[in-house]
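Here is a friendly note to read alongside the model. Take your time, and look back at the picture as you go.

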Protein chains: 2
Amino acid sequence: MSKIKPVRNGTRKDTIIRKAAALFRKKGFVATSMREIADNIGVEASSLYNHIGSKSELLQSICFQVANAFNQQLEEVEQMETPTAKKLESLIRFHIRMMLDNFDEVYVANHEWKQLGEPFLSNFLAQRKQYESRLVELVTTGIRKKELKNIHPHVAVLSILSAVRGLEFWQRHKKEPERPELENNLVNYLLHGITR
Amino acid sequence: MSKIKPVRNGTRKDTIIRKAAALFRKKGFVATSMREIADNIGVEASSLYNHIGSKSELLQSICFQVANAFNQQLEEVEQMETPTAKKLESLIRFHIRMMLDNFDEVYVANHEWKQLGEPFLSNFLAQRKQYESRLVELVTTGIRKKELKNIHPHVAVLSILSAVRGLEFWQRHKKEPERPELENNLVNYLLHGITR
DNA sequence: TCACAAAACTAACACTTATTAGTTTTTTTA
DNA sequence: TAAAAAAACTAATAAGTGTTAGTTTTGTGA
């Protein structure tokens with residue numbers, strides 16, 4: 001019937017991925033059918049295959065796009081010439097913004113990576129592991145330099161990552177603390193429990 | 001072929017639910033087929049229906065059994081005559097133990113509740129919301145009594161719940177801090193950032 | 001040992017799934 | 001405006017889904 005509207009500055013493929021991300025987030029990857037995605041765009045399911053290779057490819061795009069964003073930011077922060085606490089704060093704030101600005105995609109990457117097929121699954125998990133290790137390294141360095149409290153680095157890192165992930169629940173209580181205030185509250189709780 | 005072995009002090013239904021929980025955790029609810037569950041037990045898929053009503057019923061059992069456990073513990077803690085921080089610590093420790101001792105079930109309740117059909121979905125979400133509210137109430141009281149730092153209660157509660165949930169990642173680094181040490185580290189991080 | 005109940009089986013059902021082939025319509029390019 | 005490319009369509013396929021009916025096997029209590 002109608003045509004797929006390319007998203008601003010993007011291809012039709014991008015449009016499909018965005019809609020897919022929204023549905024994957026709401027219903028889960030496996031529970032979302034190609035027909036549903038197509039319906040939601042206003043097109044037949046088979047038409048999607050003029051733009052994408054497969055359903056799995058959609059999930060792959062979403063997961064690795066998110067992974068790349070986080071990796072790139074970590075790279076930049078590692079280069080910074082600031083105290084460890086400041087680096088940590090930058091990263092936490094980036095996580096918060098990613099969570100709020102790219103909710104569907106980040107949520108899907110966090111919850112649906114299990115449905116990736118090989119070799120993508122292994123690749124994704126390896127990247128995640130490496131990301132965590134680099135954060136642990138950061139905290140460890142901070143402790144050695146006496147810039148941070150002497151806390152178990154791995155516990156701290158996983159707590160921080162999890163707490164930020166918990167922002168997904170905030171979608172529900174939207175009116176609660178406004179965005180910048182929420183951001184500051186969370187950073188404050190996570191850091192000033194650890195910062196000396 | 002063979003028969004379903006009833007779990008110690010349990011019914012055959014319990015055995016099925018346990019195996020289902022393990023598979024739902026590994027592959028997700030929708031991606032797990034009744035035939036897979038049956039295979040894993042060593043029986044035909046149709047045989048399962050001598051013991052259970054439907055696939056959805058399996059998910060319901062898992063989710064509400066977990067919800068009940070948490071609600072019951074909260075009830076008990078609320079009755080305690082101890083400082084707020086102590087109550088909070090009890091709850092955190094209970095969450096940690098539930099996470100480690102009933103990993104599959106807690107994980108499934110946390111990740112697969114979306115797949116519950118109505119009216120179970122609404123019921124489950126309502127219980128979750130109420131649980132959170134009661135925790136917020138607890139923290140708020142603690143702040144009013146000057147037993148806790150003056151932090152945004154909702155941010156604190158969600159951070160705590162999320163951080164504890166993050167223990168699911170710990171399954172991977174099993175050798176890291178041993179259980180009691182891990183527990184103490186986490187409690188320490190979560191509370192001594194908030195305790196006065 | 002006989003009868004009854006519990007629990008397994010086989011076979012089939014009605015649907016839904018992702019994906020493909022082939023064709024037609026629409027848009028872009030020359 | 002004609003030719004080429006892009007993007008939609010219809011129709012079909014093969015595989016997998018949860019679940020049911022009917023039957024056979026297994027275990028139990030009289």
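Predicted model: local features only at pLDDT ≥ 70, side-chain atom pairs only at ≥ 80, totals over all residues.

1. Residues are numbered from 1 along each chain as its sequence is written, chains are lettered from A in the order in which they are written, and side-chain values use heavy atoms, leaving out hydrogens and water.

2. Let's start with the interface. In chain B, 40 residues are in contact with 40 residues of chain A (contact means heavy atoms within 4.5 Å). B:Lys114, B:Phe169 and B:Tyr189 supply 20% of the area that chain B buries against chain A, more than any other three residues. Buried area is the accessible area (1.4 Å probe) that two parts lose on being put together, summed over both. Chains B and A bury about 3300 Å² between them, with 60% of it on carbon and sulfur atoms.

3. How many salt bridges does the rule find across the interface of chain B and chain A? It finds zero, where a salt bridge is a side-chain nitrogen of Lys or Arg within 4 Å of a carboxyl oxygen of Asp or Glu.

4. Now a helix (a DSSP run of H or I, at least four residues, numbered from the N terminus). Helix 8 of chain A, residues 153-165, has 13 residues, and 13 of its 13 residues are buried (under 20% relative accessible area, 1.4 Å probe, protein chains only).

Technical notes
Helix = DSSP H or I, 4+ residues; strand = E, 2+ residues; numbered from the N terminus. Expected span 1.5 Å × (residues − 1). Buried < 20%, exposed > 50% of the residue type's maximum accessible area, 1.4 Å probe, protein only.
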